[in-house]
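Keep the viewer open as you read.

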Amino acid sequence: MKAFSISRYKKDSDLQLVDVPEPVLKENEVLVEIHAASVNLLDSKLKSGEFKLIVPYKLPLILGHDVAGVIIQVGSKVKSFNVGDEIYARPADFHIGTFAEFISIDEKDVALKPKNLTMEEAASIPLVGLTAWQALVDRANIQKGQKVFIQAGSGGVGTFAIQLAKHLGATVATTASEKSFEFLKDLGADVLIDYKKQNFEDLLSGYDMVLNSQDPKTLEKSFHVVKPGGKIISISGPPTPMFAKEFNLPWYVKFAIKLMSSKIRKIAEKKNVNYSFLFMKADGKQLAEITKLIEAGKIKPVIDKVFPFENTNEAVKYVESGRAKGKVVIKMK
């Protein structure tokens, strides 16, 4: 099969189009013919080696964390899926590789594709949907009437998280450029801050939760926004000792993470704010819950551009440019 892979960590390098054997199916896996995949910043961060201590992949590595496609074979112990099922998934860490024609995925990470979505739309959902779900539902337990600040509202995670927070009954604030305001209002954002002209830390206060996806300086400013007892959940770091323990990382990585996060943890303690780092996990059951919301019309996919498979490198570069509104999708079929 054809696939796009990396053979070394390098920020500015292109992915290489290679011929590799089709996946060998294990008893608990389904073999998926990929119709569409989507590009995430995580792919770019893996390519540059930014996460090599957290997820130490063996190279060469096929990138890609989102998939929509059709099951063409099932393992002997698979119970929930059949050949011909249209599915979508975020394959688990160390089992990624959706920039390819086929992939084998553990059935526990798979969900049936929402009936009202195209393959391209479905492929845009899993990673950002699960990230938003694990932040807002699992970690923050957002309730009706609470206030949530979601940074970078027009990005892939932002567009999904705004809709989910609104569905949960929260008041939602976000940052974006002014030209995105109408689009974000339509998604449910209540308070819109032009990051080019305004400082969010001067305008927001008493928030129950911040979803941080930006740089360390923005993270520090976010502590001015959250009320005592509130939560800051960061998907861009720094990781915490709790995260290192959960992931069972080597002692030297745990030590490095402890040092790296010490400043933020001190600020959090001083402000009485719960800070945590979220590295989302694959979860087919959660994805099935997201499917219900999509089929009920509560959440819609937001896609900026669709690239053909042969233009995967252009799709990755477009995501890296930071200009995308919503998701960038690669179409295989």
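Which residues line the largest cavity? They are S124, I125, V128, G156, T159, F160, Q163, K300, P301, V302 and K327. Before going further, please keep in mind that this is a predicted model, in which local features need pLDDT of at least 70 and side-chain atom pairs count only at pLDDT 80 or more, while totals for chains, interfaces and linings use all residues. Residues are numbered from 1 along each chain as its sequence is written, and side-chain values use heavy atoms, with hydrogens and water left out.

A cavity here is a set of points, on a 1 Å grid over the protein atoms alone, where a 1.4 Å probe fits but cannot get out; lining residues have an atom within 4 Å of a point. The count by this rule is one cavity of 30 Å³ or more. The largest cavity holds about 50 Å³ of space, a volume being the space filled by probe spheres set on the points, with grid points joined across faces, edges and corners. Helix α4 (residues 156-167) supplies the largest share of the lining, four residues. Helices are DSSP runs of H or I with at least four residues, and strands are runs of E with at least two, numbered from the N terminus. By class, this lining has five nonpolar, four polar and two charged residues. Ala, Val, Leu, Ile, Met, Phe, Trp, Tyr, Cys and Pro count as nonpolar, Asp, Glu, Lys and Arg as charged, and the others, Gly among them, as polar.

Now turn to the second largest pocket, with about 450 Å³ of space. A pocket is an open set with protein on both sides within 12 Å along at least five of seven lines. Of its 21 lining residues, I62, F94, H95, I96 and G97 are the closest to the centre. Strands β4 (61-62) and β7 (102-106) are the elements giving two or more residues to this lining, and β7 gives the most, with three. The lining of this pocket divides into 14 nonpolar, three polar and four charged residues.

Finally, look at the open sheet of six strands, ordered β11-β10-β9-β12-β13-β14 with parallel pairing. Two strands pair if DSSP finds at least two bridges between them. Because β11 (191-194) and β14 (274-277) stand at the edges with a single partner strand each, one side of each is left without a neighbour in the sheet. Within the sheet, β9 (residues 147-150) and β12 (residues 207-212) pair over three bridges, and F149 has V210 in β12 as its bridge partner.
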